[in-house]
Amino acid sequence: MTENARSVPQGSAVALTEAYDTALLDLDGVVYAGPHAIPFAVESLDRARAAGMRLAYVTNNASRPPRVVAEHLTELGVPAAPGDVINSAQAAARLVSEKVPAGARVLVVGGAGLVEALQERGLVPVRSLDEEPAAVVQGYDPSVGWADLAEASYAVGRGLPWVASNTDLSIPTARGIAPGNGTLVAAVAAATGVTPEVAGKPLPPMHRETVLRTGAKRPLVVGDRLDTDIEGAFNGGVDSLLVFTGIATPEEVLAAPLRHRPTYLAQDLRGLLEAQPQVAELGGGRFGCGGWEAGVDGTALTLDGAGGRIDALRALCAAAWTHADASGAAPESAKALAGLPAAD
């Protein structure tokens with residue numbers, strides 16, 4: 001494992017499949033978007049598995065049980081068993097089980113993923129405050145509506161413990177970016193004035209759940225979000241690979257604070273199969289990678305040279321993060337980003 005806090009993206013002399021024993025892969029925006037596989041995901045994961053890397057799928061999406069997610073992955077051409085999938089519903093259910101007596105009733109605002117996770121911990125899911133639950137658990141599901149949020153608000157307003165599977169504000173779908181569980185949690189919080197305890201990425205309960213279920217020794221977190229996947233890796237003290245097939249944009253990663261900076265960058269999951277080029281410090285605040293040179297002129301990033309898109313981003317990240325650490329402000333990036341080549 002390399003140093004977790006960084007001002008320069010790290011290099012790896014060997015493919016990441018060789019450097020790490022387990023890939024902890026986010027799903028939405030990394031492996032699939034809605035019903036469809038992300039380009040290059042299926043063949044890249046097949047090659048990673050053949051190279052000896054264990055693949056585990058770690059998602060904040062609590063709507064579906066692990067067995068359903070595993071079936072979906074297998075249909076896409078990514079063979080998976082239920083035990084390969086860890087979701088925030090499992091982490092939330094464990095948190096709830098530590099707050100209520102064994103066999104307690106729990107009000108569920110969410111889908112089958114939460115229901116099965118509670119049952120796995122010996123708790124009884126219910127849908128109404130009239131059934132006298134001892135706690136409330138809330139997770140994303142497309143079926144959640146006003147009546148569900150109102151029921152949660154009534155229960156939280158009476159002082160019941162409230163656990164949210166995650167607070168992601170958005171979720172990538174096949175049609176675009178849609179509201180995530182964080183927007184639904186915000187509705188209950190606004191109605192009650194109460195803040196829930198959160199289980200999912202980037203917080204420790206999800207990392208604890210992942211370690212307990214996978215037993216990974218040298219894990220690599222692979223994700224598309226800075227505020228969940230990459231921050232979760234930072235909080236857990238493990239390395240991370242950011243891919244640009246979901247939420248994160250080059251502009252966001254250049255302006256990332258320390259806890260949102262990934263160890264490695266790749267366009268997509270093909271990055272698992274590759275060594276990672278070292279970014280060279282050229283002096284005078286300039287950095288080079290793969291034919292590119294990046295620096296800061298005044299308050300603006302500069303980019304010169306030619307080569308691959310991700311190599312340019314690696315050099316730009318090194319220049320931007322180093323400048324931000326020294327000055328306390330992220331440099332302006334629009335002009336430099338205009339010079340980025342298109343993705344493969």
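Does Glu132 count as buried or exposed, and at what relative accessibility? Glu132 counts as exposed, at 65% relative accessibility. Keep in mind that you're looking at a predicted model. Here's a quick tour, starting with that residue and moving on to helices, rings and one valine.

- A bit of background: most residues other than glycine have a negative phi, and most peptide bonds are trans.
- Glu132 isn't a glycine, yet its phi is positive, at about 55 degrees.
- To find Glu132, go to the loop between strand E7 (124-126) and strand E8 (135-138).
- Phe40 is another non-glycine residue with a positive phi, near 75 degrees.
- Gly237, which comes just after helix H9, has a positive phi too, of about 70 degrees.
- There's also a cis peptide bond to look at: it runs from Lys201 to Pro202, and its omega is near 15 degrees.
- Pro202 belongs to the loop between strand E12 (197-198) and helix H8.

**Where H4 meets H8**

- For background, two packed helices are described by the angle between their axes and the distance between the axes.
- Here, the axes of H4 (residues 88-97) and H8 (residues 204-214) come within 9 Å, crossing at roughly 105 degrees.
- So H4 is roughly perpendicular to H8, since angles of 65 to 115 degrees get that label.
- On the H4 side, the contact uses Ser88, Gln90, Ala91, Arg94 and Leu95.
- Facing them from H8 are Pro205, Met206, Arg208, Glu209, Leu212 and Arg213.
- Sort the residues of this contact by type and you get five nonpolar, two polar and four charged.

**Helix H9 and its neighbours**

- H9 covers residues 226-236, and its buried residues are Leu226, Thr228, Asp229, Ile230, Glu231, Gly232 and Ala233.
- What do the buried residues of H9 pack against? They pack against strand E13 (219-223), strand E14 (239-243) and helix H10 (250-254).

**Rings and a charge**

- How many aromatic pairs does a search of the whole structure find? It finds one.
- The partners are Tyr20 and Tyr264, arranged edge-to-face, with 6.2 Å from centre to centre and 75 degrees between the planes.
- This pair links distant parts of the chain, as Tyr20 and Tyr264 are 244 residues apart.
- Tyr20 sits in the loop between helix H1 (16-19) and strand E1 (22-25), while Tyr264 is in strand E15 (residues 264-266).
- Tyr20 counts as buried because its relative accessible area is 5%, and the cut-off for buried is under 20%.
- Tyr264 is buried as well, with a relative accessible area of 2%.
- Now back to Phe40: Arg270 lies over the face of its ring, at 3.6 Å from the ring centre.
- Phe40 is in the loop between strand E3 (36-37) and helix H2 (41-50).

- Val14 is in the segment before H1.
- Its relative accessible area is 31%, so Val14 is partly exposed.
- Which residues does Val14 touch, leaving aside its neighbours within four places in sequence? Val14 is in contact with Ala19, Glu274, Ala275 and Gln276.
- Val58 is 44 residues from Val14 in sequence, and in space the two are 24 Å apart, C-alpha to C-alpha.

Methods. Residues numbered from 1 in each chain as written. Predicted model: local features only at pLDDT ≥ 70, side-chain atom pairs only at ≥ 80, totals over all residues. Heavy atoms only, no water. Axes fitted to C-alpha atoms, helices over the stretch in contact; angles between N-to-C directions. Helix = DSSP H or I, 4+ residues; strand = E, 2+ residues; numbered from the N terminus. Parallel < 35°, antiparallel > 145°, perpendicular 65-115°, else oblique. Contact = heavy atoms within 4.5 Å. Nonpolar A, V, L, I, M, F, W, Y, C, P; charged D, E, K, R; others polar. Phe/Tyr/Trp six-rings, centres within 6.5 Å; stacked < 30°, edge-to-face > 60°. Buried < 20%, exposed > 50% of the residue type's maximum accessible area, 1.4 Å probe, protein only. Lys NZ or Arg CZ within 6 Å of the ring centre and 35° of its normal.
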